[in-house]
Amino acid sequence: RLGEPLDAIDHADLWSERIHHYAFGRMSYEDTTVFSSADGVADGGRRLSSSESWSVRAVPGRPMWILLRTSAAAPAEIEVLVDGHVAPERFDVPDQIFAEPSITIPAALVRRPWVRIDLRLRASTVFVYHGWTGELR
């Protein structure tokens, strides 16, 4: 279902955030974390308190996917906007460490070679560690 990745943002990596024009709603120093799972995977991330956004490469007129690496203490729902338009799918984030939920963005919302992704948390607290995007095959 998912094709090869076209782009990726590494949350809490300042260089990656800068080249993707990363922006956030409310944030403080305590909202940045490094977590290591029991199987030895370590990643830095940021707490999604209200909203965050970034720009990613895309293929205009083609559907794309977005996959996030998340951690949450309780299930959460994240609304997604693409260039200001609400995506038909939302992220359903499970209450686990390093979950990787994905959604599909329809071709009609992918209008430019760089699109702006906005995440809006509906409730709870979620840490976002990484985001990948790609063209659907």
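## Overall architecture

How many helices and strands does the chain have? The chain has one helix and twelve strands, where helices (H or I, at least four residues) and strands (E, at least two) are DSSP runs, numbered from the N terminus. In sequence order the elements follow the pattern β-α-β-β-β-β-β-β-β-β-β-β-β.

This is a predicted model, in which local features need pLDDT of at least 70 and side-chain atom pairs count only at pLDDT 80 or more, whereas totals for chains, interfaces and linings use all residues. Residues are numbered from 1 along each chain as its sequence is written, and side-chain values use heavy atoms, with hydrogens and water left out.

## Burial, surface and contacts

Of the 137 residues in the chain, 46% are buried; buried means under 20% relative accessible area, exposed means over 50%, and partly exposed lies in between (1.4 Å probe, protein chains only). The chain has an accessible surface of about 6,800 Å², and carbon and sulfur atoms hold 53% of that surface; the areas come from the Shrake-Rupley method with a 1.4 Å probe, and for residues only the protein chains shown count as cover.

Among the contacts in the chain with a separation of 6 or more, 77% are between residues 24 or more positions apart, a contact being heavy atoms within 4.5 Å.

## The nonpolar core

The largest nonpolar core has 27 residues, such a core being a set of buried Ala, Val, Leu, Ile, Met, Phe, Trp, Tyr and Cys residues joined through side-chain atoms within 4.5 Å. The residues with the most contacts inside this core are Ile-66, Ile-78, Val-80, Phe-91, Ile-105, Ile-117 and Leu-119. Two or more core residues come from each of β5 (51-57), β6 (64-72), β7 (76-82), β9 (91-93), β10 (102-105), β11 (114-121) and β12 (126-136).

When residues up to four places away in sequence are not counted, Leu-119 touches Leu-48, Ser-50, Ser-51, Glu-52, Trp-54, Leu-68, Ile-78, Glu-79, Val-80 and Phe-91.

## Pairing around β11

Strands β5 and β11 pair in the antiparallel sense over seven bridges, and strands count as paired if DSSP finds at least two bridges between them. Within this pairing, Val-56 stands opposite Val-115 in β11. Strand β11 also runs antiparallel to β7, to which five bridges join it, and here Arg-120 in β11 is the bridge partner of Glu-79.

## Salt bridges

Six salt bridges are found in a search of the whole structure, each defined as a side-chain nitrogen of Lys or Arg within 4 Å of a carboxyl oxygen of Asp or Glu. One of them joins the side chains of Asp-7 and Arg-57 (3.7 Å, N to O). This pair links distant parts of the chain, with Asp-7 in strand β1 (residues 2-10) and Arg-57 in strand β5, 50 residues apart. Asp-7 counts as buried at 7% relative accessibility, whereas Arg-57 is partly exposed, with a relative accessible area of 41%.

Arg-90 takes part in a salt bridge with Glu-77 (2.8 Å, N to O). Arg-90 is partly exposed at a relative accessible area of 34%, and Glu-77 is partly exposed at 29%. Arg-90 also meets Glu-79 in a salt bridge (3.5 Å, N to O), and this pair is eleven residues apart. Through shared partners, salt bridges join Glu-77, Glu-79 and Arg-90 into one network.

## Two residues in detail

Glu-79, which lies in strand β7, counts as buried at 10% relative accessibility. Leaving aside neighbours within four places in sequence, Glu-79 is in contact with Val-86, Arg-90, Asp-118, Leu-119, Arg-120 and Arg-122.

Ala-23 is found in strand β2 (residues 23-24) and counts as partly exposed at 32% relative accessibility. Ala-23 and Trp-54 are 31 residues apart in sequence and 6.4 Å apart in space, C-alpha to C-alpha. With neighbours within four places in sequence left aside, Ala-23 is in contact with Glu-52, Ser-53 and Arg-116.
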